[in-house]
Amino acid sequence: MKILVVSDSHGDRKIIQQLVDRYDGQVDGIFHCGDSELSLDDPLIAKMHIVQGNMDFAEFPDHELEKIDHQTILVTHGHHQNVNGGLLNLELYARSLSANIVLFGHTHQLGVTFDDNILFVNPGSISQPRGEYAPLGGTYAMVSSNDQQYTIQYYNREFQPIDNLKFSFTS
């Protein structure tokens, strides 16, 4: 399995179009974790799994649960699980849905962790990053998995992998 994860584009339709043009058909799914600020009639919507963020005015679903290969992927924005205060509520929510991969945004800060057999991935904000990696100007993530391992590689807006932001976890 190989998926692209992006979040918090906040109306920057151009970068989302570029990501879709570059990766559509090359990955098993393109996941947007909310705050796209796209309209429901935007043709890009059909190319992505997309959820409602706290700044979205269109009525996207609050979360999506998607199965790819042997993975159960939960995508949510994270504001309803109070991710600014930690991941416990998000973890409990994921467990209630039997998800083993959780994709979320909201914080505008990239991060990845593997805790008790659940992979949590925040791609950071593609358009308005915050925190330690804000100087990169925006990030997205590629998540790959096989039977033994998860690999997460972060990329910048120029589609270049960021050398020190590649992570692997044994599943």
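1. In the hairpin formed by S4 and S5, where two residues lie between the strands, aspartate 69 adopts a positive phi near 55°. Strands here are DSSP runs of E of at least two residues, helices are runs of H or I of at least four residues, and both are numbered from the N terminus. The coordinates are a predicted model, in which local features need pLDDT of at least 70 and side-chain atom pairs count only at pLDDT 80 or more, while totals for chains, interfaces and linings use all residues. Residues are numbered from 1 along each chain as its sequence is written, and side-chain values use heavy atoms, with hydrogens and water left out.

2. Glutamate 64 stands opposite valine 75 of S5.

3. S6 and S8 pair in the parallel sense over three bridges, and leucine 103 stands opposite valine 121 in S8.

4. How many residues of S5 are buried? Six of its six residues are, where buried means under 20% relative accessible area, exposed means over 50% and partly exposed lies in between, with a 1.4 Å probe and protein chains only. In a regular strand the side chains alternate between the two faces of the sheet. In S5 both faces are covered, with Gln71, Ile73 and Val75 buried on one side and Thr72, Leu74 and Thr76 buried on the other.

5. Phenylalanine 104, placed in the loop between S6 and S7, is buried, with a relative accessible area of 6%. Its C-alpha atom is separated by 5.1 Å from that of asparagine 122, 18 residues apart along the chain. Leaving aside neighbours within four places in sequence, phenylalanine 104 is in contact (heavy atoms within 4.5 Å) with residues including Cys33, His77, Leu90, Phe120 and Pro123.

6. The largest nonpolar core has 23 residues, of which Ile3, Leu103, Leu119, Val121, Ile152 and Tyr154 touch the most other members. A core here is a set of buried Ala, Val, Leu, Ile, Met, Phe, Trp, Tyr and Cys residues joined through side-chain atoms within 4.5 Å. Among the strands that each supply at least two residues of this core are strand S1 (2–6), strand S5 (71–76), strand S8 (118–122) and strand S10 (149–156). A second, separate core of 21 residues includes Ile45, Met48, Ile126 and Tyr155.

7. The count of aromatic pairs comes to five, with rings of Phe, Tyr and Trp (its six-membered ring) pairing if their centres lie within 6.5 Å, and with planes under 30 degrees apart counted as stacked, over 60 as edge-to-face and the rest as tilted. The rings of tyrosine 23 and tyrosine 140 have centres 5.9 Å apart and planes at 65°, so this pair is edge-to-face. Because tyrosine 23 lies in helix H1 (residues 13–23) and tyrosine 140 in strand S9, the pair ties together parts 117 residues apart in sequence. Tyrosine 23 and tyrosine 140 are buried. Phenylalanine 114 and tyrosine 150 form a tilted pair, 5.6 Å centre to centre with 50° between the planes; phenylalanine 114 is in strand S7 (residues 111–115) and tyrosine 150 in strand S10, 36 residues apart. Tyr23, Tyr140 and Tyr155 form one aromatic cluster.

8. Glutamine 153, found in strand S10, counts as buried at 11% relative accessibility. Its side chain reaches the backbone oxygen of leucine 165 at 3.4 Å. Apart from residues up to four places away in sequence, glutamine 153 touches Tyr140, Ala141, Met142, Pro161, Ile162, Leu165 and Lys166.

Methods
A polar contact is a pair of N or O atoms within 3.5 Å; within protein, one must be able to donate a hydrogen and the other to accept it, and residues adjacent in sequence count only if both atoms are side-chain atoms. Two strands pair if DSSP finds at least two bridges between them.
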